[in-house]
Amino acid sequence: MTNHWVDIKNADVILVMGGNAAEAHPCGFKWVTEAKAHNKAYFMVVDPRFNRSASVADFYAPIRSGSDIAFLGGVINYLLSNDKIHHEYVKNYTDFSFIVRSDFDFVDGIFSGYNQEKRTYEKASWDYELGADGFVKTDPTLQDPRCVYQLMKKHYARYTPEKVESVCGTPRAKFLHICEKMASTAVPGRAMTILYALGWTQHSIGAQILRTGAMVQLLLGNIGVAGGGMNALRGHSNIQGLTDLGLLSSSLPGYLTLPSQVEQDYGKYIEARTQKPMRAGQMSYWQNYSKFHVSLMKAWWGPAATAENNWAYDYLPKLDKQYDMLQIFEMMNEGKVNGYLAQGFNPLAALSNKDRVRSGLAKLKFLVIMDPLATETSEFWKNHGEYNDVDASQIQTEVFRLPTTCFAEEEGSVVSSSRVLQWHWKAAEPPGEAHTDIHIMSELHMRLKALYQKDGGKFPDPIVNLWWPYAQPHEPTAAEVAKEYNGRALVDLVDPKDPTKVLRKAGEQVSGFGELRDDGTTISGCWIYAGAWTQAGNQMGRRDNSDPTGIGNTLNWAWAWPANRRILYNRASCDPSGKPFNPKRKVVSWNGSAWGGADVPDFGANLAPETGAGPFIMNPEGVARFFARKGLNEGPFPEHYEPFDTPLGYNPMHPNNKQATSSPAARVFPAIWDTFGAAKDFPHVGTTYRLTEHFHYWTKHALLNAITQPEQFVEIGEALAQEVGVKSGERVKVSSKRGYIKAVAMVTKRIKPMQIEGKTVHHVGIPIHWGFKGLTKPGFLANTLTPFVGDGNTNTPEFKTFLVKVEKV
Ligand SMILES: Nc1nc2c(c(=O)[nH]1)N[C@H]1C(S)=C(S)[C@@H](COP(=O)(O)OP(=O)(O)OC[C@H]3O[C@@H](n4cnc5c(=O)[nH]c(N)nc54)[C@H](O)[C@@H]3O)O[C@H]1N2
Ligand SMILES: Nc1nc2c(c(=O)[nH]1)N[C@H]1C(S)=C(S)[C@@H](COP(=O)(O)OP(=O)(O)OC[C@H]3O[C@@H](n4cnc5c(=O)[nH]c(N)nc54)[C@H](O)[C@@H]3O)O[C@H]1N2
Ligand SMILES: [Mo]
């Protein structure tokens with residue numbers, strides 16, 4: 001979230017789109033209720049189904065799954081053509097006036113630089129024009145046809161309300177009503193928040209959907225202000241922590257990035273990530289990259305990371321490709337992976353195209369499961385009748401199960417969607433042979449290290465030299481690890497201007513990332529977490545909920561990254577002179593000599609407005625981008641592409657260009673192309689989602705949850721039920737090109753047929769929670785049906801839109 005849970009109460013308009021917060025985030029959803037009760041907020045839901053969020057909304061509009069870019073592109077067109085934008089904001093805080101390179105182009109769905117064979121873009125032309133001074137050329141009058149404003153206006157002019165209705169199935173009047181309500185927040189005193197989750201991310205164009213939402217918020221001046229923001233409601237209780245700590249395969253902690261295989265040279269690796277300001281007076285905060293990177297390398301390899309060996313740069317793997325889940329399972333299928341460790345992950349249930357996942361697991365030599373429960377994955381090899389129809393005698397994979405504890409059986413920190421790190425304490429002893437994840441991983445590491453020390457190997461250094469300075473090497477404590485990710489000084493840190501002045505004594509915890517250095521004198525395992533455990537102690541354990549300004553920022557409740565800031569980009573809540581756009585919901589302001597207020601300023605505390613430094617300090621241009629310069633992989637302006645299982649078979653924005661039917665840059669493996677379905681065989685649009693009563697695939701092991709939702713069902717509308725001749729409570733078979741499931745039909749008024757390009761399209765709702773293990777009645781894994789294709793940036797599978805056929809059993 002750019003903002004945070006409590007801040008939702010400050011919103012005037014709330015849009016839940018691409019998520020179902022009332023169902024999947026029922027505790028945080030109380031802030032929507034607060035905004036409605038105390039702030040007269042207007043609450044809107046846009047979803048293929050009239051879901052539980054819609055049931056308490058002021059307004060609901062249906063949308064065809066997978067068509068949100070067309071809808072939001074229509075909103076951009078509406079805002080620009082009706083002049084409903086926050087002029088002072090976009091003029092000063094975005095790239096509206098920047099001139100784009102003359103070789104940038106967009107022709108019938110394809111941007112300049114496309115390589116069809118590789119299905120990727122060469123992005124050089126997706127950039128601004130630079131002047132002789134190295135700074136971006138601009139046209140403050142916005143008349144230049146190549147300025148971002150003009151290009152964007154032209155790009156989205158095609159997304160008319162008629163087009164939106166035809167592509168999305170959203171009736172025009174409903175679409176326009178939503179546009180009007182959004183537009184009401186273009187004035188300085190009003191804000192809209194957008195709450196989203198998987199209904200946006202789980203598409204082959206997921207990242208671009210989010211970007212389109214962010215563009216709408218920028219036009220309205222809703223980023224950085226209280227009650228605004230782009231708010232990703234995260235999933236697992238610590239999934240925010242997982243991304244922060246760099247567990248995605250291309251990341252390092254704190255959103256530093258792993259080098260690619262062409263980056264063998266350390267100097268070039270750092271230089272590429274240390275961008276010089278692209279306009280006068282900008283901070284371009286990533287200029288500090290090397291301080292964070294060197295401090296990380298010192299945290300991992302301690303004395304073995306030296307200036308001479310470029311801080312152990314050779315120890316880092318250099319990526320030849322993205323190693324996301326789809327890639328790993330594809331490589332298993334190709335026989336290129338021998339072993340797999342599934343820690344707190346149930347891929348047979350959770351990953352798309354179950355048959356492909358199972359055939360991948362069957363090619364492994366060994367599979368290690370670290371989990372408190374007996375998951376479907378741990379029995380992928382076992383015949384469970386129709387639910388897992390497999391011949392065990394044909395599978396040689398050796399499976400090890402290592403029982404772990406659950407969160408309540410250990411202490412540690414959990415990061416919420418608000419970026420707040422909260423410490424929790426152990427409440428129960430682990431049962432049986434269960435050990436904490438830290439214990440198991442440490443043991444594995446100790447034994448691997450011993451083997452490498454004994455036998456050597458091709459390159460044992462990164463493992464043999466891993467720094468392990470914990471009191472009990474077999475089980476470091478959560479507190480030790482937390483202190484390490486905060487970071488500390490290795491020697492006395494002196495003031496560079498006055499060497500007699502010691503700023504931080506050797507061995508002391510740093511108070512923030514501003515203290516980190518790139519000369520090997522500091523460590524920090526995750527720079528954005530610097531400040532979480534300082535000399536003053538564990539900030540994550542703080543429980544003071546006082547809120548002196550009433551805005552809900554509670555700066556003494558736990559600790560938020562970065563720097564305990566609760567609203568990101570909060571400089572943008574003020575006009576260029578430092579006066580709040582909305583004095584009633586003041587976040588920060590400039591008092592003539594410093595920034596301050598209800599939040600930690602997102603900016604140099606004493607950086608005067610006169611410097612002209614922009615609020616988006618991580619961008620070298622200091623402003624936010626409508627034109628994603630060299631950004632996402634599909635192009636600098638989001639464009640609608642069809643899902644890979646498309647009910648139309650063509651892209652209504654580019655009906656004559658086959659190349660542009662589905663995302664030209666999505667992750668598709670050659671072996672997968674023939675696993676996509678066509679509407680003639682699979683005429684209905686399937687989508688998968690969750691229910692409050694279950695948490696994925698684990699609460700079916702808990703009796704009370706199993707009682708509340710005992711049996712697998714699918715939701716179909718009344719019209720479709722009539723078409724296939726099925727009544728509520730009867731069983732249906734739902735098939736896709738990849739397989740089938742059978743479940744009870746729940747016939748509902750909450751899913752209505754849609755008119756898409758003159759054709760009737762039915763949605764089928766498929767909750768994900770069932771499987772063949774646990775205390776619920778055995779069921780089919782929903783992912784038997786889903787396609788093995790991923791977003792072109794994140795590689796997140798397209799779980800939310802695919803073609804199925806519903807029949808009565
Ligand atoms: N009780 C419970 N809570 C949970 C979870 C759980 O399993 N159980 N899981 C947690 C996890 S890990 C996550 S990631 C979050 C997920 O949180 P959400 O994303 O809110 O949950 P979902 O139910 O997957 O899907 C959200 C909605 O997206 C809609 N949708 C589908 N396709 C589209 C589309 O193309 N456009 C739009 N606008 N909407 C679409 C669906 O109809 C559904 O209503 O929930 C978390 N909370
Ligand atoms: N079709 C479809 N598929 C989806 C989705 C969808 O919407 N539709 N959603 C996707 C999303 S957003 C998610 S997050 C995934 C969820 O996919 P998974 O994360 O694979 O699903 P969970 O059932 O939450 O599995 C987590 C496992 O962690 C174990 N566990 C709990 N605590 C601990 C612990 O402390 N240590 C260890 N080692 N294990 C622990 C649990 O017992 C459980 O087996 O599913 C994805 N798959
Ligand atoms: Mo998730």
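Is Arg629 buried or exposed at 12% relative accessibility? In this predicted model, Arg629 counts as buried, because its relative accessibility of 12% falls under the 20% cut-off. Its salt-bridge partner is Asp127, with the closest N and O atoms 2.6 Å apart. Asp127 lies in the loop between strand 7 (120-121) and helix 5 (148-157), while Arg629 belongs to the loop between strand 25 and strand 26, so the pair ties together parts that are 502 residues apart in sequence. Asp127 likewise counts as buried, at 10% relative accessibility.

The pair formed by Asp324 and Arg667 also links distant parts of the chain, 343 residues apart. The closest N and O atoms of this salt bridge are 2.8 Å apart. Asp324 is found in the loop between helix 12 (289-301) and helix 13 (325-333), and Arg667 in the loop between strand 25 and strand 26. Asp324 is buried, with a relative accessible area of 10%, and Arg667 counts as buried at 13% relative accessibility.

In total, the structure holds 39 salt bridges. One of them joins the side chains of Glu334 and Lys336, at an N to O distance of 2.9 Å. Here Glu334 is partly exposed, with a relative accessible area of 44%, and Lys336 is exposed, at 58%. Elsewhere, Glu379, Lys382, Arg401 and Lys773 are joined into one network by salt bridges that share partners.

Asp599 presents a contrasting case. This residue, in the loop between strand 25 (595-597) and strand 26 (684-689), is buried yet has no salt bridge. The nearest side chain of opposite charge is that of Arg566, 5.6 Å away, which is outside the 4 Å limit for a salt bridge. The side chain of Asp599 instead makes a polar contact of 3.3 Å with that of Asn570. Beyond its neighbours within four places in sequence, Asp599 is in contact with residues including Asn553, Leu555, Arg565, Ile567, Val587 and Val588.

Residues up to four places away in sequence aside, Leu219 touches Ile76, Leu79, Leu80, Ile85, His86, Val90, Phe96, Met152 and Phe626.

Helix 2 is followed by Lys40, whose phi is positive, near 50 degrees.

In helix 6 (residues 161-168), the buried residues are Val164, Val167 and Cys168. Their arc around the axis is only 80 degrees, which puts them on the same side of helix 6. Among the elements covering these residues are helix 3, helix 7 (172-183) and strand 30 (754-756). Just after helix 6, Gly169 adopts a positive phi of about 75 degrees.

Definitions and conventions: Residues are numbered from 1 along each chain as its sequence is written. Chains are lettered from A and ligands numbered from 1 in the order in which they are written. This is a predicted model: local features need pLDDT of at least 70, side-chain atom pairs count only at pLDDT 80 or more; totals for chains, interfaces and linings use all residues. Side-chain values use heavy atoms; hydrogens and water are left out. Helices (H or I, at least four residues) and strands (E, at least two) are DSSP runs, numbered from the N terminus. Buried means under 20% relative accessible area, exposed over 50%, partly exposed in between (1.4 Å probe, protein chains only). Lys and Arg count as positive and Asp and Glu as negative; His and the chain ends are not counted. A polar contact is a pair of N or O atoms within 3.5 Å; within protein, one must be able to donate a hydrogen and the other to accept it, and residues adjacent in sequence count only if both atoms are side-chain atoms. Contact means heavy atoms within 4.5 Å. The arc is that of the directions from the helix axis to the C-beta atoms.
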